[in-house]
Amino acid sequence: MSETGTHASEAVAVAAERRWGIIVALIIVVLIAMMIFTSVHWASMPPSRVETIDPRTLHLSGEFVESNLGTAVEADGKVVVRLVAQQYSFEPQCMLVPADTPVTFRGTSSDVVHGFVVGTTNANAMLIPGFVATFTTTFRKAGEQLMPCHEYCGTGHAAMWARFQVVPQQEFMAKARKGERLTCVPR
Ligand code: CUA
């Protein structure tokens with residue numbers, strides 16, 4: 001190759017490197033901008049606290065025994081849904097919550113990692129054995145939604161889902177009696 005040929009190909013290589021350098025820098029800038037936007041605008045933060053629980057005794061004692069699962073109106077008026085995931089179902093199978101009311105979820109898993117999302121709402125969490133997942137959200141629309149498991153948890157993963165019912169606030173409060181756990185599982 002002639003002297004000029006070598007120079008020309010070097011120039012092409014330098015230009016290509018510079019082009020990719022700029023593209024990569026732009027990607028990094030976009031990712032950082034997204035992080036700043038979501039943390040400031042949506043207040044989405046990494047979990048600030050870790051709550052642990054022994055997955056081997058969930059069904060025997062404590063907050064996640066079967067009789068304590070479902071939706072409760074606590075003494076202070078807060079609406080709390082407690083649920084347990086296991087291969088391959090959620091307990092309770094149908095959750096009942098009021099519309100236009102802050103609802104706090106408290107969930108965990110008794111075996112492997114599961115997760116759930118409620119329809120097209122922002123209610124979305126991972127349920128990890130040994131840890132309690134908790135978040136609060138408000139459902140604006142009454143109606144029924146599906147609540148599938150969204151973490152691959154084994155061969156039955158695709159069949160793992162629960163139903164989710166949002167009812168008008170007055171209807172829910174009329175059903176809620178002190179200390180009772182509400183679900184929409186047919187009895
Ligand atoms: Cu449970 Cu996938």
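Me: Is V30 buried, partly exposed or exposed?
Reply: In this predicted model, V30 lies in helix 1, which spans residues 3-41. Its relative accessible area is 48%. Buried requires a value under 20% and exposed a value over 50%, so a residue in between is classed as partly exposed. V30 is therefore partly exposed.

Me: Which residues make a nonpolar surface patch together with V30, and what is its area?
Reply: The patch is made by W20, I23, I27, V30, L31 and M34. Its area is about 600 Å².

Me: How do strand 1 and strand 2 pair, and over how many bridges?
Reply: Strand 1 covers residues 70-73 and strand 2 covers residues 79-86. Within this pairing, A72 stands opposite V80 in strand 2. The sense is antiparallel, and the number of bridges is 4.

Me: Which residue in the hairpin of strand 1 and strand 2 takes a positive phi?
Reply: The hairpin has 5 residues between the strands. The positive phi is near 90 degrees, and the residue that takes it is G77.

Me: Which strands stand at the edges of the open sheet of 3 strands?
Reply: The order of this sheet is 4-10-9, with mixed pairing. Strand 4 (94-98) and strand 9 (143-148) each have a single partner strand, so one side of each is left without a neighbour in the sheet. Neighbouring strands of this sheet are turned by 25 degrees against each other on average, direction ignored. The edge strands are strand 4 and strand 9.

Me: Which residue in strand 10 stands opposite Q145?
Reply: Strand 9 and strand 10 (residues 161-167) run antiparallel and are joined by 6 bridges. In strand 10, the residue opposite Q145 is F164.

Me: Are the rings of F90 and F116 stacked or edge-to-face?
Reply: A pair of aromatic rings is described by the distance of the centres and the angle of the planes. The centres of F90 and F116 are 6.4 Å apart, and their planes stand at 80 degrees. Planes over 60 degrees apart count as edge-to-face. The pair of F90 and F116 is therefore edge-to-face.

Me: How many residues apart are F90 and F116, and are they buried or exposed?
Reply: F90 is in strand 3 (residues 89-91) and F116 in strand 6 (residues 114-117), 26 residues apart. The relative accessibility of F90 is 0%, and that of F116 is 1%. Because buried means under 20%, F90 is buried and F116 is likewise buried.

Me: Which parts of the chain does the pair of F105 and F139 tie together?
Reply: This pair is edge-to-face, with 6.2 Å from centre to centre and 70 degrees between the planes. Both F105 and F139 are buried. The pair ties together strand 5 (residues 102-109), which holds F105, and the loop between strand 8 (133-138) and strand 9, which holds F139.

Me: Which residues form one aromatic cluster?
Reply: The members include F90 and F116, as well as F105 and F139.

Me: What is the omega of the cis peptide bond from E91 to P92?
Reply: Most peptide bonds are trans. The bond from Q87 to Y88 is cis, with omega near -5 degrees. P92 is found in the loop between strand 3 and strand 4. For the cis bond from E91 to P92, omega is near 0 degrees.

Notes:
Residues are numbered from 1 along each chain as its sequence is written. This is a predicted model: local features need pLDDT of at least 70, side-chain atom pairs count only at pLDDT 80 or more; totals for chains, interfaces and linings use all residues. Side-chain values use heavy atoms; hydrogens and water are left out. Two strands pair if DSSP finds at least two bridges between them. Helices (H or I, at least four residues) and strands (E, at least two) are DSSP runs, numbered from the N terminus. Axes are lines fitted to C-alpha atoms, for helices over the stretch in contact, and angles run from 0 to 180 degrees between N-to-C directions. Patches are made of residues with over 30% relative accessible area and no salt bridge: like charges are joined within 9 Å, nonpolar side chains (Val, Leu, Ile, Met, Phe, Trp, Tyr) within 5 Å. Accessible areas come from the Shrake-Rupley method with a 1.4 Å probe; for residues, only the protein chains shown count as cover. A salt bridge is a side-chain nitrogen of Lys or Arg within 4 Å of a carboxyl oxygen of Asp or Glu. Buried means under 20% relative accessible area, exposed over 50%, partly exposed in between (1.4 Å probe, protein chains only). Rings of Phe, Tyr and Trp (its six-membered ring) pair if their centres lie within 6.5 Å; planes under 30 degrees apart count as stacked, over 60 as edge-to-face and the rest as tilted.
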